Amino acid sequence: MKNIWIGILIIALHFNGKSQELYPNSEPASITPKNALGIRLMNEAYSNEGNLRSWHGAMFMYGVSSKLMFNGMITASNHHRKVLPENYIVSNNGDGYQVSNSLPPSYQYLFESINLGFRYRFLNRDGDHKHFRMAVYGNGVYSNRPHDEAEVTLMGDNKGVGGGIISTVLVKKLAVSLTGGAIKPFEHKDASGVNLKYGNAYNYSLSFGYLVFPFKYKNYEQTNVNLYAEFLGKTYDALEVTKNGKVAYSQHIDGYKQNSFIEFRPAIQFIVKSNLRIDCSTTIPLSDKSYIRKYPSYQLNLQYYFF
Amino acid sequence: MKTIKIIILIVTLTLGTEQLFANFSSAKLKVTGVTCSMCSNSVHKALSSLPFIDKINVDLQKAVYEITFKPGEKVIIDDIKNKVEGAGFSVGELTAEFNFNNLNVNKDFHYKFEGNTYHFVGVKDQTLDKTATVRFVDKGLTSKKEYKKYSGMTSYSCIKTGKSQNCCNTEANQRIYHITL
């Protein structure tokens, strides 16, 4: 599957070779046009032992100036419980506590989080069909779900803050975007009396994009077809679980350990009437894996700008 | 007969007013940094919101916008630049058609029109008897390379700021557009 996608990209590059930077799974250093309101509906789904797990987000983006944009997002999913169950912590053979590894999964759909952020483009070098841009971004998220895994996100799982830097280079045949960021999650104090203390996480991504259709731009009515190859990585610390101030042993569960992974996300994108953006992508693990989703996972995003 | 006279008077007045406001009739704008039709569309929508723009024809492949101005409306060139930059891109080149109506110009001639001053850079002595195409060479209205080239053709410091300096025989801090033919 991976080889097919790489093959398609090489062919696309060879025959057409126009770059595109409207990445489905990362943000470019470019921002929302001034006074335009963008709405993006984001969805992710995968199968967990035959049951559907899905995540949904609605993102609002507004261009305040030619350099600054604000964004807000609300998310919902069936990934979490409201509260950790009674038997989440069990006795470790009389030697303190440990986290139970035999809890039945929950598939209840719940509201997850509110995310507020900004992106500031501080460097812009425009040329004829090319540009180099750099931006900084930051977000703060409120979420109150017991995310019982070490990998932290600012997409609904955790409350916390994050920020980073994005560089996007776009020349005729190549559009590359590089992102490096950090996430500082806040501790979750569960109503069950259990505290989840997460470590910091570092995220990075490398994205490539190509226009495959149309061969020649004629008017705004033409549907554009773009292909993307994105590599997303994350490094995070182990999760510390405490109950009544005592640490519960949790390192017998892979999802609670520190980890580093890289995923490959090939995507196809349709742009209808130069405004409606439809992104379809899948996620394949390349180096180690993420424990907060099952593979393959599928993403579908819809985006529209109101001018 | 009286009615006809009134109609003639109204028509004359209307035409007369148009004559008074006749300035830029059209422009050709090249936008840099644009690589997708969605980006071009953002620029198009931003430009369309300007009250003095009538029609826009775009060559998407070249990112060139052919703009027709509304007759009688005052054209503000900086507003075009601000709209392009607001959409996230830059002006690569901007030329406009202007009816000069027998104007004698020479190097560093300052032409005042509708509250703005147009400074001719790198031009020979000549009479502009009808419509001529002028090219803007200010920072932000052309490429950096072209700006550098033309700023070397004048000793006037107003080209550095786009605002009137000691060099210009006009009030301080007024907008001075720099144009060439």
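Two strands count as paired if DSSP finds at least two bridges between them. In chain A, strands β6 (residues 97-99) and β16 (residues 246-249) are joined by two bridges and run in the parallel sense. The model is predicted. It holds a chain B with five helices and 10 strands, and 25 residues of this chain are in contact with 33 residues of chain A. The points below take chain B, the interface and then selected places in chain A.

**Chain B overall**

- Chain B has 181 residues, of which 47% count as buried.
- Among contacts in chain B between residues at least 6 apart in sequence, 64% link residues at least 24 apart.

**The sheet of chain B**

- An open sheet of eight strands is found in chain B, with the order β2-β3-β1-β4-β9-β10-β7-β6 and mixed pairing.
- At the edges of this sheet are β2 (53-59) and β6 (110-113) of chain B, each of which pairs on one side only.
- From one strand to the next, the twist averages 30°.
- Strands of a sheet pair through backbone hydrogen bonds, in either a parallel or an antiparallel way.
- Within the sheet of chain B, β1 (residues 24-32) and β4 (residues 90-99) are an antiparallel pair with eight bridges.
- In this pair, B:Ala27 is placed opposite B:Ala96 of β4(B).

**Helix α3 of chain B**

- Helix α3 of chain B covers residues 77-86, and its buried residues are B:Ile77, B:Asp78, B:Ile80, B:Lys81, B:Val84 and B:Gly86.
- Just after α3(B) comes B:Gly88, which has a positive phi of about 105°.

**The interface of chain B and chain A**

- Between chain B and chain A, about 2,300 Å² of area is buried, and carbon and sulfur atoms give 54% of it.
- Of the area that chain B buries against chain A, 31% is supplied by B:Thr35, B:Met38 and B:Gln61, more than by any other three residues.
- Across this interface there are 12 residue pairs in polar contact, counting pairs with both residues at pLDDT 80 or more.
- The number of salt bridges found across the interface of chain B and chain A is zero.
- On the side of chain B that touches chain A, the elements giving two or more residues are β1, α2 and α3 of chain B.
- Helix α2(B) gives the largest share of that side, with seven residues.

- A:Lys243 has A:Lys246 in β16(A) as its bridge partner.
- Two residues lie between the strands in the hairpin of β15(A) and β16(A), where A:Asn244 takes a positive phi near 55°.

**A:Arg265 in chain A**

- A:Arg265 belongs to strand β17 of chain A, which spans residues 259-272.
- This residue counts as buried because its relative accessibility is 8%, and the cut-off for buried is under 20%.
- The side chain of A:Arg265 has a polar contact of 2.9 Å with the side chain of A:Asn25.
- Another polar contact, of 3.1 Å, joins the side chains of A:Arg265 and A:Thr283.
- Leaving aside neighbours within four places in sequence, the residues in contact with A:Arg265 include A:Glu44, A:Tyr228, A:Glu230, A:Arg293 and A:Gln299.

**A:Leu302 in chain A**

- A:Leu302 is found in strand β19 (residues 297-306) of chain A.
- A:Leu302 counts as partly exposed because its relative accessibility is 33%, which falls between the cut-offs of 20% and 50%.
- Not counting residues up to four places away in sequence, A:Leu302 touches A:Ile39, A:Arg40, A:Leu41, A:Arg277 and A:Ile278.
- A:Phe270 is 32 residues from A:Leu302 along the chain, and their C-alpha atoms are 9.7 Å apart.

Key: Residues numbered from 1 in each chain as written. Chains lettered and ligands numbered in written order. Predicted model: local features only at pLDDT ≥ 70, side-chain atom pairs only at ≥ 80, totals over all residues. Heavy atoms only, no water. Helix = DSSP H or I, 4+ residues; strand = E, 2+ residues; numbered from the N terminus. Axes fitted to C-alpha atoms, helices over the stretch in contact; angles between N-to-C directions. Buried < 20%, exposed > 50% of the residue type's maximum accessible area, 1.4 Å probe, protein only. Contact = heavy atoms within 4.5 Å. Buried area = accessible area lost by both parts, 1.4 Å probe. Salt bridge = Lys/Arg side-chain N within 4 Å of Asp/Glu carboxyl O. Polar contact = N/O pair within 3.5 Å; in protein donor to acceptor, adjacent residues only side chain to side chain.
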